[in-house]
Protein chains: 2
Amino acid sequence: MSSAATARRPPPQRPVIAVDAMGGDNAPREVVAGAVRAVREHGLRLVLVGRTSELAPMLAAEGANRELPIVHADESLAMHEGALAAWRRARSSVAVACKLIRQGDAAALVSAGSTGGVVASSTVRLRTLPGVLRPALALVLPTVPRPTILLDAGASADAKPEMLVQFAHLGAAYARIGHGIAEPRVGILTIGSEPGKGNKLARKASELLSAHSDEAPSLDFRGNIEGHDLLAGLVDVVVTDGFTGNVALKSVEGAVGFAFEEIRAALTSTPLARIGALLQRKALRGLRARFDSDSYGGAVLLGLNGTVVIAHGASHARGVAQACLLAHDLAAGRITDQIRRSTASLSRAPSWLHRLGQSDE
Amino acid sequence: MSSAATARRPPPQRPVIAVDAMGGDNAPREVVAGAVRAVREHGLRLVLVGRTSELAPMLAAEGANRELPIVHADESLAMHEGALAAWRRARSSVAVACKLIRQGDAAALVSAGSTGGVVASSTVRLRTLPGVLRPALALVLPTVPRPTILLDAGASADAKPEMLVQFAHLGAAYARIGHGIAEPRVGILTIGSEPGKGNKLARKASELLSAHSDEAPSLDFRGNIEGHDLLAGLVDVVVTDGFTGNVALKSVEGAVGFAFEEIRAALTSTPLARIGALLQRKALRGLRARFDSDSYGGAVLLGLNGTVVIAHGASHARGVAQACLLAHDLAAGRITDQIRRSTASLSRAPSWLHRLGQSDE
């Protein structure tokens, strides 16, 4: 394993990140530019995976042939390709990058390809960590003073209560290593603030999480979170199934976009208001930057044998560089080992195991 | 039945609306004021249900004793009371109002009490229409040029695919009668734009709705809707289960509130920006009014033997009056009969019945 190999060398080498050069609306040009930026500005160790004939000239144009090795991959996943197609293509750039991770030649994968395709392809090729039932996709909401992590954002549409308990651990590990939150507070997304509210899945998961956090105080479970609290920063990690999580995240995105657009229209609806808008240009620009997907690096697929960061499909160079930096931080913090440890402790807790058997309805 | 009775008289009398005078954060004062307004400004026929000793002096102060009869109810549901407590209290103002509907003395109920309490109390007392499996709570999103109706917003947390098909009919009837949308377009809330995406429930419901709208062209089913399209006005009715619907609606509410607050902060962050904000005061005020719950009347519980409109708990007089107007329009449009007809046609379609049997997994 590469982590064991790096541990032998003083000082430890930085983990290698495999970058899918062919994924994304602006691939390969913006991906290559982002990778070059990540190497030069942040000193990361990257390999580009994709068609050599396309990538080599682009690297040459940037004078970066020596800084960035290319690993050839014949094919790429189209942005519209679904999970099944992604799963089949063994020679896609995502599949080849997963192979590098399996061989220990890379610790993480960054792709701006279609979320469904990257999730399907990397799940089947990297497989889940021992004991982890399903991977979860974690996304970051731009709350202040610190971000809120929501998972699962869509990797597993039909979940079981035990999976949600595991997602709590995956999310807590990500909050610690990816966002420097020492003791992440975890909540479950449901439809009522009191215990016992919600649908069957949320009620059961909440019960398991309460029992579990009594036994394993490493998990700071704070109970129920409602939709209107997603941006209120009440907890650091919000756990839910992939269907509800995806609907909630897209509802938030849509509503924030809608509100901005409505306010923009209102602010320029009269000549006086337009003068006002001119005076506020700088303040509004700062706000927009916080909601810009290029600034927070992308979604992370957690629970696999290797770290997978999925940058926004429309990412430009800066977004790709941020995603590489996030992948590096997670790999350097050994998130995979951390998750392995916390999910291993799950199956050791006797009453947890007992309850796990009961909940399989 | 009051509808048969009114049909005998030329011209037909307006339906009577029973108003729960004791429900809401500002009850009974603002409810009484709203009811008086509804009678005087819109010519509605109302009865107030609640403690006579409290209500009579308030009506006297408004000089409205003759315009608004009181039906006495000893008890009221507290805003924090859950479904179970609501269900038990046979002498609450909501329970007494339901009794008026059952006796044919009122056609609809308006309450600003706690949603959970009113839903539980009226569901058990009015019961679902023949063939309707569960009631659904419909809420209006302030899209332009016409509103979007989302249901179920939380009445039934664990739903079956067949219920979602019924919700489509309930929502379409509400769109036609409550919002004057002649041929409402219906979509299902899920997590992908292509058919076959989503969790098991949404996939199966989507399949049933497609098959069903081929057979019953009265339902214009337009397929999948994602979270970010909730405010885009792509369809007039968005169907989902009560858990997902409640999470989505609260996520939208929270995100719009968050965006407004952030923009307000950005607009007043520098002296120049503050001058700009002054110039825009009027434009922003107009926008805020569109998102004000007092302007759209409240949620409607559909599928029961009687119309139930649940105004926002924080409603003031204007909000209560709007809710009364909505209840009147729905009752006058005989929404209950319309729903009875459309759900009766459901069970007549042979292949629909066939599929219904299969889907019970």
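This is a predicted model: local features need pLDDT of at least 70, side-chain atom pairs count only at pLDDT 80 or more; totals for chains, interfaces and linings use all residues.
A residue is called exposed when its relative accessible area is over 50%, buried when that value is under 20%, and partly exposed in between. Because its relative accessibility is 58%, Arg127(A) counts as exposed. Arg334(A) is likewise not a glycine and has a positive phi, here of about 50°, and it belongs to the loop between helix 12 (317–332) and helix 13 (335–348) of chain A. With a relative accessible area of 38%, however, Arg334(A) is partly exposed.

As for the arrangement of the two chains, chain B is superposed on chain A by a rotation of 180° with 0.0 Å of shift along the axis, and the RMSD of this superposition is 0.0 Å. That is the relation of a two-fold axis. Among the residues of chain B, the one that comes closest to the rotation axis is Gly276(B), whose C-alpha lies at 1.7 Å. Of the interface residues of chain B, 100% are also interface residues in chain A, so the copies meet through the same surface.

Chain A contains 14 helices and eleven strands, and 55% of its 361 residues are buried. When contacts between residues at least 6 apart in sequence are considered, 72% of those in chain A join residues at least 24 apart. The accessible surface of chain A amounts to about 14,800 Å², and carbon and sulfur atoms account for 52% of that area.

In chain A the bond joins Ala27(A) and Pro28(A), with omega about -5°, and Pro28(A) lies in the loop between strand 1 (16–20) and helix 2 (29–42) of chain A. In chain B the peptide bond from Ala27(B) to Pro28(B) is cis, with omega near -5°, and Pro28(B) is placed in the loop between strand 1 (16–20) and helix 2 (29–42) of chain B.

Helix 3 of chain B, formed by residues 52–62, has Leu55(B), Met58(B) and Leu59(B) among its buried residues. Seen down the helix axis, the buried residues of helix 3 of chain B fall within an arc of 100°, so they line one face of the helix. An α-helix has 3.6 residues a turn, so residues three or four places apart point the same way. The buried residues of helix 3 pack against helix 2, strand 2 (45–50) and strand 3 (70–72) of chain B, whereas Ser53(B) and Ala61(B), on the other side of helix 3, are exposed. Just after helix 3 of chain B, Gly63(B) adopts a positive phi of about 65°.

Technical notes:
Residues are numbered from 1 along each chain as its sequence is written. Chains are lettered from A and ligands numbered from 1 in the order in which they are written. Side-chain values use heavy atoms; hydrogens and water are left out. Copies are superposed by least squares on the C-alpha atoms of residues with pLDDT of at least 70 in both. Contact means heavy atoms within 4.5 Å. Helices (H or I, at least four residues) and strands (E, at least two) are DSSP runs, numbered from the N terminus. Buried means under 20% relative accessible area, exposed over 50%, partly exposed in between (1.4 Å probe, protein chains only). Accessible areas come from the Shrake-Rupley method with a 1.4 Å probe; for residues, only the protein chains shown count as cover. The arc is that of the directions from the helix axis to the C-beta atoms.
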